[in-house]
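I opened this notebook to record what I looked up in the structure shown below.

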Amino acid sequence: MDALKTLLERVSAPQLTGPDVTETQLQTLIQAALRAPDHAWLRPSRYIAVQGEAREALGRIFLQATPHWRELSDEKQRKLRNMPLRAPLLLVAVCKVQSHPKVPREELLLSTGAGVQNILNAAWAMGLGAIWRTGDLAYNDQVKQGLELAADEEIVGFVYVGHVNCRLKQAPQLDSADFLTKWTPKS
Ligand SMILES: Cc1cc2nc3c(=O)[nH]c(=O)nc-3n(C[C@H](O)[C@H](O)[C@H](O)COP(=O)(O)O)c2cc1C
């Protein structure tokens, strides 16, 4: 698909289904992510693919990492457990927040965020749907431990990828004039 058309038309897909994302598609998504700008080429980002039955194991981690989960209704527990099943592929975008004399923490996280955006656009360009989600579980230490993150790694997003299973909204037509000013110095 034309690159500009993808950038201008992509929307998130909240409902996704099979068939599975192919290995070739997965590799393309990761290659796109790895083209994100990266100050000093520190390579702060990595991506964990959760597919197939591994999604059920992650669902159990999501449930048991939720504070007071035993007190939740069966329906709420099922909802938490089933979260990773919302798409055939879940990519956990991880940022290594290492200290560097020239690259502040924010720039590392932004770089991983740019990687996620590249994944969303690459998925769209390949005719797949995707959505970037976070929520409390992205910032939960038990989830980080369950996914075997190092102490200096953060979850930037859970990117759900699959085949679109809903009516997609149209990309809103926003007026650039509301978001763009042309600065001129005061004399
Ligand atoms: C950092 C980040 C975290 C997000 N977390 C969630 C989330 O947990 N749940 C959700 O429904 N949408 C979340 N969103 C929003 C969706 O990814 C999406 O951007 C939004 O639904 C608007 O859709 P659009 O991308 O088609 O404009 C998040 C977006 C960002 C940038």
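How far apart do the end C-alpha atoms of residues 15-163 lie? I noted that they are 8 Å apart, and that the span is 40% helix and 22% strand. Helices (H or I, at least four residues) and strands (E, at least two) are DSSP runs, numbered from the N terminus. I found that UniProt, in an unreviewed entry, places the feature "domain: Nitroreductase" at residues 15-163; such annotations may be inferred rather than shown by experiment.

The model is predicted, and local features need pLDDT of at least 70, side-chain atom pairs pLDDT 80 or more, while totals for chains, interfaces and linings use all residues. Residues are numbered from 1 along each chain, and side-chain values use heavy atoms, without hydrogens and water.

I next examined the ligand. Its surroundings (residues with a heavy atom within 4 Å) include Val-11, Ile-131, Trp-132 and Lys-169. I looked up polar contacts, pairs of N or O atoms within 3.5 Å. An N or O atom in the side chain of Ser-12 is 2.6 Å from a ligand oxygen. For Thr-134, a polar backbone atom is 2.9 Å from an oxygen of the ligand, and for Arg-133 a polar side-chain atom lies 3.1 Å from one. The protein buries 54% of the 620 Å² that the ligand exposes when taken alone (Shrake-Rupley method, 1.4 Å probe).

I then turned to Ser-111, in helix α5 (residues 105-125). Ser-111 is buried, with a relative accessible area of 7% (buried means under 20%). Not counting residues up to four places away in sequence, Ser-111 touches Ala-36, Pro-37, Asp-38, Pro-44 and Ser-45 (heavy atoms within 4.5 Å).

Notes. A polar contact is a pair of N or O atoms within 3.5 Å; within protein, one must be able to donate a hydrogen and the other to accept it, and residues adjacent in sequence count only if both atoms are side-chain atoms. Buried means under 20% relative accessible area, exposed over 50%, partly exposed in between (1.4 Å probe, protein chains only).
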